[in-house]
Amino acid sequence: EHLPLVEKKRDPFRNRRIMAYHSRYIHAYAFELHREWFYQWQLTRSAEDAESATKWAEISLCCDILKEQRYDLLMHQSEIAAEKDLGHALDLVWSAIRTVPKHREAWGMGARYCLRKGDGAEAAVMSAFMQSISKPQATGYPRSDRFYGWEGADLRIRTLRAAGQTKLAEESEEKLFDTNGRRFSLLHATRGRPAKALETRALWLKSAYVPLGVEHIFAVDADDKETLAALREFRHVVVEPGGGCVRAWNAAAAASSGKVMLQLSDDWVPCHDWDVQIWSVLEKAARSRWEDTGKPPGEFSPETIANTPLVVAVHDNHRTDALLCMAILTRARYEEQRDEIEERIPRVDSDGKPAGEVIIQNPGAPYLFSPEYVGVFSDNEFTVRAYRDGCVIQAQHIIFDHQHPIWGGVPEDKWDETYRAQNAPERYTSGAAIFKRRNPAAP
């Protein structure tokens, strides 16, 4: 009774139906498997992970998927392709644009790839289209919005510089900074570390609560050709070599216009929302001093903070002494830091004969650190004089991690050329002598 019927015929579609049933979600599984491998590739950058991400992307693109998913696949693949072939990466970006034209991410990434290719004009065209796209209404599908905020504005300015439209770039930068309160100037001296310099810049801007309220200025020696080439798209000043980091910081300070100035180098790591935290400390201190003068509280403004000479003492996550190894000061304090310049004017009597000379002391230009220094001991003078003048505000709860190799226990023979030059024994000898001459009463 259990024998099969003799007249039963084979169903030629049976296996197809079974396989079709089990593969009915292949589009979803392939897409999610691609994403898993892609996210892993972002961490590892390994060829194996890139191959796996690409394999599942190609399967997904053969399936019936949402256009938003197709867009994501193309953008992910462009990022992988850009590691070796920027031309192919741009082809994938254009495919993504044809799929979803009105989203900034593809235009922005295309502009970045053009910058990496050295095509500033094409990058500027793509960033212009990017800026013309308004943020779309939420649809429930997750979308990247990184180019709708400060990163989009920053990219647009970079492409303008790369395209040779420097004046327009500067005007755009100035307008954005003014609109967002003109609060902070990051004065970033760098030499011989272009990749690290750019990484540090990005970290400080991303960590700010209002990145567009922060102006960042690189200061680079004229003979550091590699760094100058890498930073050509970014705001920077060029200084004559030989003056060390002090000359660079002073040049950046002279070019700045923020209400508060921060000395920066490649080895500083900020805390989250560092700008809000510093501003809050300064506002509290400035308001207290304002009220002590008996002035009406209603007249207090952000300009009051800029016009109050203050210095903020943060913690560098290492030191236990009082050294202010990062200069954070208001513009008023910066304007106070000057050396008098002696001017001798010859005198003549009524007969036109020489009659000695008149000596006049004129205030010199303001500085972040005295131009007599090259590097070390400039912060010692900054510290001593700030405490002497009673303008230091303690804010040890704010931690900016100073990742100098000395704190990491890295042997000196492993330091790069910039670290070795700045910390050479002769620099310490010279710096100490200048400090003692300029600050004879200091301990």
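1. A term to start with: buried means under 20% relative accessible area, exposed means over 50%, and partly exposed is in between. Please keep in mind throughout that this is a predicted model.

2. Y25 sits in the loop between helix 1 (14–22) and helix 2 (26–44). Together with Y29 and L33, Y25 makes a nonpolar surface patch of about 320 Å².

3. Now the cysteines. How many disulfides does the structure hold? The count is 0. For C63, the nearest cysteine sulfur is that of C62, 6.7 Å away, and C63 is in no disulfide. A disulfide needs the two sulfur atoms within 2.5 Å. C63 is also buried, with a relative accessible area of 16%.

4. C391 is likewise in no disulfide; the nearest cysteine sulfur to C391 belongs to C325 and is 16 Å away. Is C391 buried or exposed? Its relative accessibility is 2%, so C391 counts as buried.

5. Finally, have a look at helix 12, which covers residues 244–255 and has 12 residues. From its first C-alpha to its last, helix 12 reaches 18 Å, close to the 16 Å expected at 1.5 Å a residue. Which residues of helix 12 are buried? They are G244, C245, V246, A248, W249, N250, A252 and A253.

Conventions: Residues numbered from 1 in each chain as written. Predicted model: local features only at pLDDT ≥ 70, side-chain atom pairs only at ≥ 80, totals over all residues. Heavy atoms only, no water. Buried < 20%, exposed > 50% of the residue type's maximum accessible area, 1.4 Å probe, protein only. Patch = residues over 30% accessible without salt bridge, like charges linked within 9 Å, V, L, I, M, F, W, Y side chains within 5 Å. Areas by Shrake-Rupley, 256 points an atom, 1.4 Å probe, with all protein chains shown as cover. Salt bridge = Lys/Arg side-chain N within 4 Å of Asp/Glu carboxyl O. Helix = DSSP H or I, 4+ residues; strand = E, 2+ residues; numbered from the N terminus. Expected span 1.5 Å × (residues − 1).
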